[in-house]
Amino acid sequence: MYFLGVDIGSSSSKAAIIDENKNILVRVARNIGTGTNGPTLVINQALEEVGITRDQINFTVATGYGRVTFTQADKQITEISCHGKGVAHLVPGAHTIIDIGGQDAKVIRLNDKGNVDNFLMNEKCAAGTGRFLEVMARILNCGLEDLSGLAKESTEEIEISNTCTVFAESEVISQLAQGTAKADVAQGANNSITSRVAGLARRIGITPVVVMTGGVAKNDAVVRCMEKQIGYDITVAPDPQTVGALGAALFALETFNKK
Amino acid sequence: MADIKSLIAEFEKVALNPAKSAAELKKETGKKLIGMFPYHLPEEIVYAAGMLPVGMWGGQTEIKLSNKYLQSFCCSMIKANFEMGMNKTYQKVLDGVVMAAYCDTLKCICEDWKVAVTDMPLIAMYYPQNRKIAAAIDYMGAEFKKAQEQLEAIAGKKVTEADLEAAWEVYEAYRAESRKFVKLVAKMPKTLNATVRHLVIKAAWFMDKKVYTEKLAALNAAIEAAPAEEFNGKKVLVEGIMVEPIALLDAFVENDVCIIGDDLSHQSRMFRIEGRKEGTVYEKMAYRIADAYADPLLLDEKKEHGKELIDMVKEYGADGVVVCAMKFCDPEEYDYPIFKEELEAANIPVLYMEIEQQMESVGQYKTRIQAFAETLA
Amino acid sequence: MEQKEKLSSKQMLNDLMADHYQSALDAKADGKLVAWATSIAPQELLTTMGINVVYPENQAAAIGARKEAQKFIDHSEGRGYSVDLCSYARVNFGYQQLKKSESQDIPMPDFIYSCSNICHTVLKWYENLAKELNIPLIIFDLPFNHTYDVQDHAAKYMKGQIEEAIKRLETISTKHYGKKVEFDHDKFKAVMEQSNATSQMWKDATMVAKAKPSPLNGFDLFNYMAGIVTNRGTKAGYEVFKAWKEELEAKAAAGLGPWKPGEEEKFRVMWDGIACWPYLGSTYKGLKNNGINMVTSTYPDSWTILYDNGDIEGMAKAYSGIYCNSNLQNGVDRITRIVNEYSLDGIVFHSNRSCKLLDFRQFEQQRQIEEKTGVATVLFDGDQTDPRAFSTEQYNTRIQAFLETLENKKEERRKG
């Protein structure tokens, strides 16, 4: 039997398929989000890689920003529960999840059973989200994925102190104009985003094991910064971008079994 | 049931179109309307003067003109009021406005209003924070007297003690009936869903309180007579100044989350204090302020906001508390960390959401409400 | 006593502040009562009762100026305090839990003493402190004056609160010391007299800045302010301001300006709002480098609490009638008077993210004052202690534009 989880984000789509024994058969991600053919693309790719067809799927759960408008699922569950589920499966003993997505940053607290106990999300402001790093990458004229490598070359600590992305943008531009090294600015951006999200984490209370998910977790420099901010080691979930989709697939199995 | 539905429909019609409802109220009654800014104000005196108080709790309006006076970090509800004073929405129906400085923002708004909105009488008041001592009761009496004189000038009529007594009775009846209604929600959580509950209570701000009370009493009686509804969703208390836009309330309904009780300035905080029986009307009005509890706008030496929420959770059998924090509202923002710790210590789940009245999309809020319901499962 | 070398007023101020904090810490260690109070509260009652008092706002400013605020702010925000709340409060809530600061330690309070004439924010802030520390809360609620002057019924309400506070202070002291402690009304009169004298001396000293050029560099005002906040009721405070006044008068008589010889005071401005403590250096240099001297602010008058001795209602009116608690019209008139009396060329408005009470009248105030006086004005975004809410770059750009306006106006005046 096959169970499909689809995570439809604002700027990317992810899918995961598992069997009835919770074996992970495939996880795929594409940088195309809701309102496009992104979800269909990742589902087709996932099916193809497993070598099955759509009608062989026993149950489908959709999650993420686009879950409500996605009509092909049997059930929709929020990304908060799905991230919790996925992490509990991948990292036994996890109690705190930090997820930085494109539009949202969230911190989730799991109880001893691996269920979601509490969660917090960033408010309107973009300063603590992936969007902030995108803005920084744009100013630094590099790709989002290059930020991590760039930041590692940083030799001098600079502070991007502003709470507001728009403010921070002008601050960074003036820093660059004054000859501050790009690498230092990249590291400054990492510090800035992590300090915002660390604030959220402190509000909910941090208990180890701490796990990071989401695309930003692939940025090693951000993860190291976050560890420094919160004072705990961080485990990056394997293939962090697709943890939500995996959680959705696990929910699909669970729901199917209950029926 | 038909009875219940049609009664609800009447309230909904009033509450969904405040501007239109106020205009009709004015036309039908021939009475002058006085706008009441948020929080406790002497509505009884307005009523005694033969005029009708109308609620001013912000609304959906495009914020343009008020930026001339206010920075971006100003409470959206108060800013909307200010905007609608500047863009003359209120002038179409109101004959005067009453406001009192319950927070730093309101102090300033009142001053700015004097400059920006000159074509409507303004009654500026202050309610004491050291509210339990005898000097505060006297002070309120003096403030009421001043307000009464200004209201009499608008009404063109003197207010007698008998007028005040009658108005007091109308308001006590309204408050008692409202207290009854919020308790009855538990019996019909589906029919009286989050949105319906909100609209029924909100309608009071745009009706003659006497007429409203009669209709609400009819609704309450119909609910009492009807069979209880089975409900498998989650039950929550909401805390905050008010919960709007309507789309946000709909997000509760969509996720089968019932608002079983509220600790909102716009709702229960207005009517949960029963008046004392002795004293003049001024004194009875003043004692309602002195006797108020766990109200973020009124100083509370014991700070019992958390205790009150915990008590309410027990009383209403709620599964959790949803904090709808009006962004940039100091009084609310100071209370939250304290009661949050108390609720957590009592193992009560809390969802915290910062809201603004003019929100373009409630997508993220839907996710949070749904996720909260999932965690309560 | 041995004849000592005469100290400068700055040294005297440093000693005064060191002594203020040390005596409070010692008092606590000795088991004596300590209160935390807001900056313009009727200290007369506490001074009469011999109760040591410290001012969290003053400590928060010191923590801000020494760039230590962030860790306290982070701690508070971690507990759920919104980034939009007053940063003094966020620093203080952090300190109340961490209890250790490199900048300046203060003893924990036995009770809280709060006065709403400076804002409603302090009511909520102190309400939280009393709850968290489980200690008594004494408040003075001074109704905001929507009328031009303080109304009589408001003064009566305030008087009632003072009487109530005296009773509560007696109860708190009696309980704490295990013996009956009574409020000494004769001593109260003496304290009122001293408080008026110190206030007046503070006012007189700051008024020397009316001289052209001003012998006072207004950023010094921010330093001396710590003295008037903490020592308004003491003879020692009086002596500091007297020495300061004499120094300023001597400088003025010699025709000396605010800075070193050769550094000309080209323009005279006032500062509206609280200082940007974490960026005192940047904000100061941004002005000074352009020859702009901040001569005064609304601060001098805020601590000029004058009333007839023994007149409780008069005292109430004096506390209630301060700038923050006055209506727009009154505020505009006050600043207009300052502009004229101090021969100002311009005004710098600090749109302080922490202070909604000053901010939300500021735009209109700026317009009205510009119209009434014709002076140049500038408004910049900042915060009193949160280092994240200010951009030096942006500030300097605004000040530069301000300078251009000041120069244009001067040129226009010269041409007539």
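Predicted model: local features only at pLDDT ≥ 70, side-chain atom pairs only at ≥ 80, totals over all residues.
View 1. Chain C is divided into domain 1, which spans residues 9-184, and domain 2, which spans residues 190-415. A distance of 24 Å separates the C-alpha centres of domain 1 and domain 2 of chain C.

**View 2. The interface between domain 1 and domain 2 of chain C.** On one side, 54 residues of domain 1 of chain C are in contact with 55 residues of domain 2 of chain C. Together, domain 1 and domain 2 of chain C bury about 4600 Å², and 59% of this area lies on carbon and sulfur atoms.

**View 3. Salt bridges and polar contacts across the interface.** Six salt bridges are found across the interface of domain 1 and domain 2 of chain C. A salt bridge also joins C:Lys10 to C:Asp220, where the closest N and O atoms are 3.1 Å apart. Between domain 1 and domain 2 of chain C, 28 residue pairs are in polar contact, with both residues at pLDDT 80 or more.

**View 4. The side of domain 1 of chain C that touches domain 2 of chain C.** The elements that each give two or more residues to this side of domain 1 are helices H1 (9-29), H2 (43-49), H3 (56-65), H4 (69-78), H5 (87-98) and H7 (152-177) of chain C. Helix H1(C) gives the most, with seven residues. Sorted by class, the side of domain 1 of chain C that touches domain 2 of chain C has 28 nonpolar, 16 polar and 10 charged residues.

Note on methods. Residues numbered from 1 in each chain as written. Chains lettered and ligands numbered in written order. Heavy atoms only, no water. Domains from an automatic or database assignment. Contact = heavy atoms within 4.5 Å. Buried area = accessible area lost by both parts, 1.4 Å probe. Salt bridge = Lys/Arg side-chain N within 4 Å of Asp/Glu carboxyl O. Polar contact = N/O pair within 3.5 Å; in protein donor to acceptor, adjacent residues only side chain to side chain. Helix = DSSP H or I, 4+ residues; strand = E, 2+ residues; numbered from the N terminus. Nonpolar A, V, L, I, M, F, W, Y, C, P; charged D, E, K, R; others polar.
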